[in-house]
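This briefing covers how two chains meet in a model. The points below are grouped by topic.

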There are 2 protein chains.
Amino acid sequence: MTTQRKPSSHTTRRNEASRRAILAAAFELVQEVGYAKLNIEGIAARAGVGKQTIYRWWPSKGAVLFDAFLMLSEQPDGGETALPDTGDLEADLKAVLRATIEELNDPRYDEPMRALNTEITHDPALAAFYAERLGGPMRELKKQRLRSAQRAGQLAEDLDLDVAVDLLWGPLLNRWLQRGGALTPGYADSIVKTALNGLRPRR
Amino acid sequence: MTTQRKPSSHTTRRNEASRRAILAAAFELVQEVGYAKLNIEGIAARAGVGKQTIYRWWPSKGAVLFDAFLMLSEQPDGGETALPDTGDLEADLKAVLRATIEELNDPRYDEPMRALNTEITHDPALAAFYAERLGGPMRELKKQRLRSAQRAGQLAEDLDLDVAVDLLWGPLLNRWLQRGGALTPGYADSIVKTALNGLRPRR
DNA sequence: TCTTCGAGACGAGACGGATCGTCTCGAAGA
DNA sequence: TCTTCGAGACGATCCGTCTCGTCTCGAAGA
């Protein structure tokens, strides 16, 4: 991935146009042919680039795909700065989870995101890098919204916010990855409502 | 997979010893070399079998691996008939989730199960078959235990048991797949406790 | 300021190796 | 006699490396 450059020399000479063309081609191709049939030669051909230019800068197919995601998230609007905070925690969470679902259901993102998950599952190094660059910051946004609610007394005082995030997003992502059923807005609402209230009856 | 045989002809002549050898070899090899480097020729060599014998009966690498799991689950002790029900719901759930964690952390199962998840993620047909043969029955066991608790008034009356199962196991599996942190017994306890009580404060 | 020159990155593609999935063979067995 | 079996040859594909000749850029020298 980009960050694995050798210390000095490099860096300046790199052709930015080629880099962008490669990442765009990788992202397009994984949608079209699927992750299994995605190959370097195809990416190079689509990008109008020599294979060596890819091998020079990225160590693996997964790293290319990962950088493609980084590129998206760093670009226009891809990275939001905060989650909505209207004061109504349940409504806000439902909105955010519905948005997540919409993204997962979007055919433009479905295959690429599955591919990214596959790489992460099989490569601990990539998983660590993902956690640092994408997963971590996103999780922090979620925790910020929850922390705000916690201060307002809407969440249990001793609540572990990491567990809370897992409880809200884990079911969603797991159902999506395992194809355990359709991801509908109603399902998102159900998760939020049940997670907030708990499985036990409230008197 | 086995169920994709052509209607008649086949079936009788099939060499059961070869079938078992192939599935065992696939399961061993995926542990040793990882999913990415698992290949048909290797499985055939390890099983002492011609490649064609594999291609004759299975449509893909994933299908072989899937059948290997089916073989395990149908064998001794692989399939349990019910979850523990001592009357103490929280303790029972913690025990079950701890057991799940132990299995996921077991190096014998880690790689093969990641591989299976990868196949499911990228192949809807395999996902449907998995849901029918393995996922569905296991989910039913979990729902049975929850239903028992619901009848005892320990769970909300209007609780959707599918959502409840997702809420308990989703976070666990998601953290495991995404390598979002260590799966410890304490984490399992935390999930159970938080899911049961909910994120909101209880007075 | 203008020219020269070396260092890399670049597009293109040849190359050997690995694995794919198909195909063919003779042996074994039902 | 008919199908599966183990074994392995086969062409195709993709791998990752390597070698071309071209280009861009910054430093050195006039």
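**The interface between chain A and chain B**

Chain B and chain A each put 46 residues into their contact. The model is predicted. The area buried between chain B and chain A is about 4100 Å², and carbon and sulfur atoms give 56% of it.

**Polar and charged pairs**

- Four salt bridges are counted between chain B and chain A.
- B:Asp166 forms a salt bridge with A:Arg175, with 3.5 Å between the closest N and O atoms.
- Across the interface, 32 residue pairs of chain B and chain A are in polar contact, both residues being at pLDDT 80 or more.

**The chain B side**

- Helices H6 (107–122), H7 (124–151), H8 (161–178) and H9 (185–197) of chain B each supply at least two residues of the side that touches chain A.
- H8(B) gives the most to this side, with twelve residues.
- By residue class, the side of chain B that touches chain A has 22 nonpolar, 13 polar and eleven charged residues.

**H8 against H8**

- Helix H8 of chain A (residues 161–178) packs with H8(B) at an angle of about 75°, and their axes are 7 Å apart.
- Angles of 65 to 115 degrees count as roughly perpendicular, so H8(A) and H8(B) are roughly perpendicular to each other.
- On H8(A), the residues making the contact include A:Asp166, A:Leu167, A:Gly170, A:Pro171 and A:Arg175.
- On H8(B), they include B:Asp166, B:Leu173, B:Asn174, B:Leu177 and B:Gln178.
- The residues of the contact of H8(A) with H8(B) comprise eight nonpolar, six polar and four charged.

Technical notes:
Residues numbered from 1 in each chain as written. Chains lettered and ligands numbered in written order. Predicted model: local features only at pLDDT ≥ 70, side-chain atom pairs only at ≥ 80, totals over all residues. Heavy atoms only, no water. Contact = heavy atoms within 4.5 Å. Buried area = accessible area lost by both parts, 1.4 Å probe. Salt bridge = Lys/Arg side-chain N within 4 Å of Asp/Glu carboxyl O. Polar contact = N/O pair within 3.5 Å; in protein donor to acceptor, adjacent residues only side chain to side chain. Helix = DSSP H or I, 4+ residues; strand = E, 2+ residues; numbered from the N terminus. Nonpolar A, V, L, I, M, F, W, Y, C, P; charged D, E, K, R; others polar. Axes fitted to C-alpha atoms, helices over the stretch in contact; angles between N-to-C directions. Parallel < 35°, antiparallel > 145°, perpendicular 65-115°, else oblique.
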